[in-house]
Structures are given as C-alpha cells and as structure tokens.
Amino acid sequence: MKKLASLLLALLMLLSLAACGGKDKASEPAPQGGASAAQSGTSSTPAPTAAKDSPAGSYKLTGYVENGEEQDLSALEELGMVFYLVLDEDGTGYMDVVGEQTNLKWDENTFTDEDGAASQYTYENGVLKLSTEDGEMTFTRLTDSELAYYQEHGSGFPEGESFEGEGEIGEYYVRIVGAEALEDDDGDPAIRIWYDFVNQSDEVVAPWTALYTTAQQNGEDLDFTYLNDDVPESGNNALGVAPGYTARCTALYEYDPALGTISVAISEFMGNSVTAELDPNALPGAPEYDGPAWEEDPAMPAYMAGVAETGEGVEILGYDTTTDYDGEDVIVVHFRFTNTGESDDSFFSAFTNYAVQDGFGLESSMCDDYSDEQDNAMTDIAPGESIDCAVVYLPRTGDPFAVVLKNFFTDEYFGRVFELSFG
C-alpha cells in the first residue's frame with residue numbers, strides 16, 4: 001500500500017499548491033454527500049453488500065494520518081475526487097486513487113498488494129483502519145449506489161477548456177507548430193512535435209515543469225524516446241524561460257506508422273489543454289528555424305523595466321568571472337543581504353534569485369574562489385545584521401545578462417542588467 005499512500009500524499013500536496021478555481025468545474029455532487037471519483041477500470045458492477053460483521057464491500061477514504069498529522073481531505077472532496085477501496089467476498093479487491101489502481105488480496109487482518117507488500121488493518125462497525133508505513137488511513141463503508149456513481153463518473157478531475165492548435169494554458173500560451181516522422185537512436189519509428197511556449201507569468205519557468213505533454217495512438221499512451229541529432233530547439237523545454245519570452249520546444253515519441261491518428265495534448269494540471277490530431281501519413285513537417293523568439297533588446301527585457309537595483313534587505317553589488325569545479329567559465333554575482341525581519345533568516349530563505357541571458361534562465365554552479373560567500377547565502381543571520389553573499393551561474397553566451405530577485409514576503413522585484421566580459 002506504500003505506493004498508493006505516497007500517491008495520495010503527493011496529490012494532496014499538489015492540490016494545496018494549485019489554484020482552487022477548478023472547484024466550479026468539478027463534477028456534480030455524488031449521491032448521499034459523496035464525491036465523484038476515478039473509474040475503476042476493473043468492473044462497473046458494485047461490490048455486493050456483505051454482512052455487517054464482514055469487511056467485504058466498498059469504502060471511501062475519510063481520514064488520513066501521515067507522520068502523526070491529520071491530512072485535510074476537503075480539497076479532494078471539493079474537486080470531486082475520491083480515494084476508494086473495494087473488497088470482494090472471495091478475498092480479492094482493489095484500491096483506486098483518481099485513476100491509479102492497484103489490485104490486492106485480503107484476509108481477516110491483512111491486505112497484500114500486487115508487489116507482495118502486506119499491511120495490517122482493523123474493521124469495526126463499517127469502519128476500516130489500514131496501517132501505512134508512516135500512519136493510518138480510515139475508510140468508511142459506501143452504499144452500492146455511491147460506488148456505482150464513483151465508477152461511472154470517471155476521474156473527477158475538473159476539466160478546463162481544450163484548444164485546437166494553440167491557446168492559453170494558465171499563465172502560458174502554447175502553439176503546436178510542427179511534427180515530423182523520423183527514427184530514434186534505436187532505429188525505431190518516432191514522431192517529433194514542435195511547440196512554442198510563451199511565458200506570460202512573472203517568474204522564470206521551465207516548460208517541462210509547468211505543463212504536461214502527452215501523445216496517444218489508438219487510445220494508448222505513446223512512450224517518450226530519444227534522438228541525439230542536436231536540432232536547435234532540443235532541450236529547450238528543460239531550460240528556464242524568462243517572463244515575456246518564447247521558447248520553441250520539442251517532444252519525441254515512439255509510434256506505429258501502421259496505426260491511426262496521433263493525438264497530442266499539452267496541458268496544465270487540472271487546467272486547459274492545447275491539442276492536435278496528427279495523421280502519421282500527412283505530417284506538417286518541421287517548422288522553419290529562425291532563432292529564438294526573444295525581444296529585440298536582450299540587454300533590457302521588458303520585465304526589467306522599472307525594476308530597482310536595490311530594495312528592502314538586498315543590494316546587487318556586481319559580478320566577477322572565474323571557473324567552476326569542472327573548469328567551465330562562470331559568472332559570480334555578489335549580493336549584500338540585510339535581515340529586516342524579526343527572526344533569524346538567510347538570503348536564500350528571503351529571496352528567489354535567478355539570472356537570465358537571451359531569454360533563458362541560467363543554471364547555477366559552484367566554485368572554489370567564492371565558496372565562503374556562497375555558504376553565506378545559506379547562513380541565517382540575526383535581525384538587523386548584514387552579510388555579503390554570492391551566487392554562481394553558468395553563462396550560455398557572451399551576451400548581456402540580467403539578475404533578478406523577488407522578495408518572498410512582499411513579492412517585490414529587484415534587478416540589474418550587466419554587460420558580460422570575461423577578464
């Protein structure tokens with residue numbers, strides 16, 4: 001049961017971070033106060049009602065304690081999602097977490113999952129308590145009509161709008177701009193999809209962390225694959241994209257040329273999707289590459305307009321260049337952090353920091369020359385004290401770069417643009 005307990009905890013964490021605007025789009029309330037849930041995929045026939053002294057039957061998760069802390073399940077209920085359990089009288093059954101299902105076997109005090117892992121449980125008066133590695137799950141018996149409703153109404157995830165070809169997905173705009181057939185590194189048939197990711201948020205965001213890209217053929221998910229041909233757009237989906245900029249990205253999948261249409265979807269968690277239906281025999285081909293879609297003046301991007309160089313608790317002092325542990329040229333940006341709060345705090349705890357060059361966020365690194373200042377960035381200091389810190393970045397080119405800070409508590413931005421020169 002460890003796998004499903006981990007999945008449930010991860011789902012709760014995601015829901016706590018996700019906007020709750022999807023609540024209005026949730027499925028209609030289930031009968032008798034329940035919530036819609038994932039379709040089981042095993043059977044739409046409700047488990048038979050068993051004698052009251054037998055655990056056989058169906059249950060909904062009503063309580064979850066993890067590491068001694070009671071988890072709030074209300075977000076699942078509000079969004080129409082249910083974690084449910086079905087125990088058949090023959091000693092088999094399954095658990096379902098919004099579509100993630102695992103089969104199990106049970107006896108009078110033990111559940112055994114597909115991997116052979118055993119978990120203890122107790123049952124009394126329609127309430128089943130299941131022990132997990134770090135806590136306990138409480139399940140309450142359902143009626144047959146409630147279980148039938150859960151199995152009929154699908155996953156319960158609220159659905160956003162779907163746009164054909166291009167559209168707005170949360171704080172981003174996406175355009176599917178091309179597709180071509182080729183062979184992957186193993187010589188197997190593959191399809192490469194190109195899409196533009198426009199960052200309309202106020203943060204540096206990597207497309208692969210913001211959106212889900214999937215492809216299906218004949219209703220089956222296609223697997224990602226690899227091709228080391230170094231097209232200019234390859235790998236862009238893993239790089240941070242600055243606010244107001246566009247990155248052209250790729251996704252590569254295995255497919256069967258003999259089968260039918262390939263359905264592509266780029267979507268946000270519980271949000272909108274951009275889709276395309278692609279005929280494997282009539283793909284549009286690769287788009288013409290005309291370089292990154294950056295603004296005309298990378299030295300002064302639009303999101304830096306009006307941003308101060310200093311702010312409450314921080315000053316961007318300047319930069320040096322040196323080499324990191326791998327011998328690569330790096331930029332070392334220096335900050336002076338002053339704790340303006342009422343308790344001990346560090347630079348990294350108080351500010352988000354990033355550097356941007358030609359529209360892409362720069363990766364961080366480490367070096368010997370400024371190791372003390374790098375350590376200072378993680379050091380807590382007392383209220384009123386100041387400390388000099390450094391953050392090391394790997395440049396992509398020799399172009400100008402911008403350093404941006406965001407105060408965690410006030411959401412204020414501070415930044416500075418530098419001409420890059422390696423001395």
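Helices (H or I, at least four residues) and strands (E, at least two) are taken here as DSSP runs, numbered from the N terminus. The model is predicted, so that local features need pLDDT of at least 70 and side-chain atom pairs count only at pLDDT 80 or more, whereas totals for chains, interfaces and linings use all residues. Residues are numbered from 1 along each chain as its sequence is written, and side-chain values use heavy atoms, with hydrogens and water left out.

A pocket is an open set of points on a 1 Å grid over the protein atoms alone, with protein on both sides within 12 Å along at least five of seven lines, and its lining residues have an atom within 4 Å of a point. The second largest pocket is lined by 19 residues, with Phe224, Asn237, Thr250, Ala251 and Leu252 nearest its centre. At least two lining residues come from each of strand 13 (189–199), helix 4 (207–210), strand 14 (212–217) and strand 16 (246–254), and strand 16 gives the most, with three.

Strand 26 (residues 401–407) has seven of its seven residues buried, where buried means under 20% relative accessible area with a 1.4 Å probe, protein chains only. On one side lie Phe401, Val403, Leu405 and Asn407, and on the other Ala402, Val404 and Lys406, all of them buried. Strands are counted as paired if DSSP finds at least two bridges between them. Six bridges join strand 26 to the antiparallel strand 22 (residues 351–357), in which Tyr354 stands opposite Val404. Six bridges also join strand 26 to strand 27 (residues 413–418), again antiparallel, and here Leu405 stands opposite Phe414.

Conventions
Buried means under 20% relative accessible area, exposed over 50%, partly exposed in between (1.4 Å probe, protein chains only). On a 1 Å grid over the protein atoms alone, a cavity is a set of points where a 1.4 Å probe fits but cannot get out, and a pocket is an open set with protein on both sides within 12 Å along at least five of seven lines; lining residues have an atom within 4 Å of a point.
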